[in-house]
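Visitor: I would like to go through this model one question at a time. Please show it first.

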Amino acid sequence: MARIVRHNDESVREGYIRNGGKEVKLFTSALKAFQCNNRIVMAQRKHLDDFLRGRIIARLECGRTQLEVSEELGIAQSVISRLWQRFQDDGNVSRCYSTGRPRVTTPNEDRYLAVTTKRNRRSTVSGLSRQLSSATGTTVSRQTVYRRLGHIGLYARRPVRCVPLTATHCRLRLAWSREHALWTPQQWSCVMFSDESRFSLQSDSRRTFIWRAPATRYHQENTIERHRYGGAGWLVWGGIMLGSRTDLHVI
């Protein structure tokens, strides 16, 4: 079988191909096609606009060959051939735009997912899919639920865990902050803040997720109050003050 070598290869003269150890001369039409393909660089596939499609059809109707049009416009001959065949079949050369795959859910079903998720932010994707199926009869995949909730700005995130505060705690802390709002650095230099932290020796997977919108991490509905930590652990105490700190003490 003949192997075509680029015409700019010094080992093969222009207009010839190598067949085994011999050089065989190409026909004129084959030579033109070979040279045209060498000049066309298909970096990436691009759709032809309607104006360029019209130029191609106009040249072909004027008696130009597909090879000549391909060489002149730098478009693959196979593309021109398909375009010309389509023009002869239905007389239309405009690009057909597909509508894509139809949506599985209706706008009412999308709203149902949104309302159900906001009522229970700890709902799982599988649970939401089952609720939608039992309520409307529409079966959707987990990925569809993710996409529908993402369109309204709800994403699965880990909740913030905090110590629960009563109304009295909040009132007293606010009053203390307002009382010391105008203190000078000299006054704060005589105050030491101390705190203790507990480090659990057991693993906490924290696989509980909630559905929330961006920039709402510390909203009350997106936090989980927690003040009991089961299992073994270490309690560490330390204090800080202006320009100094204490050592850490394991209690």
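Visitor: Are helices H6 and H7 roughly parallel or roughly perpendicular to each other?

Guide: This is a predicted model. Helix H6 covers residues 125–136 and helix H7 covers residues 142–151; they pack at an angle of about 95°, with their axes 9 Å apart. Angles of 65 to 115 degrees count as roughly perpendicular. H6 and H7 are therefore roughly perpendicular.

Visitor: Which residues of H6 and H7 make the contact?

Guide: On the H7 side the contact is made by Arg-142, Val-145, Tyr-146 and Leu-149. The residues of the contact divide into five nonpolar, two polar and one charged. On the H6 side the contact is made by Val-125, Ser-126, Leu-128 and Ser-129.

Visitor: Which residues of H6 are buried, and what do they pack against?

Guide: Buried means under 20% relative accessible area. In H6 this holds for Val-125, Gly-127, Leu-128, Ser-129 and Leu-132. These buried residues pack against H7, helix H5 (107–119) and strand E6 (210–212).

Visitor: How far apart are the end C-alpha atoms of H6?

Guide: H6 has 12 residues, and at 1.5 Å a residue they should span 16 Å. The model agrees, because the end C-alpha atoms of H6 are 16 Å apart.

Visitor: Which residue follows H6, and what is its phi?

Guide: The residue after H6 is Gly-137. Its phi is positive, near 85°.

Visitor: How many disulfides are there?

Guide: A disulfide is a covalent bond between the sulfur atoms of two cysteines. To be counted here, the two sulfur atoms must lie within 2.5 Å. By this rule the count is zero.

Technical notes:
Residues numbered from 1 in each chain as written. Predicted model: local features only at pLDDT ≥ 70, side-chain atom pairs only at ≥ 80, totals over all residues. Heavy atoms only, no water. Axes fitted to C-alpha atoms, helices over the stretch in contact; angles between N-to-C directions. Helix = DSSP H or I, 4+ residues; strand = E, 2+ residues; numbered from the N terminus. Parallel < 35°, antiparallel > 145°, perpendicular 65-115°, else oblique. Contact = heavy atoms within 4.5 Å. Nonpolar A, V, L, I, M, F, W, Y, C, P; charged D, E, K, R; others polar. Expected span 1.5 Å × (residues − 1). Buried < 20%, exposed > 50% of the residue type's maximum accessible area, 1.4 Å probe, protein only.
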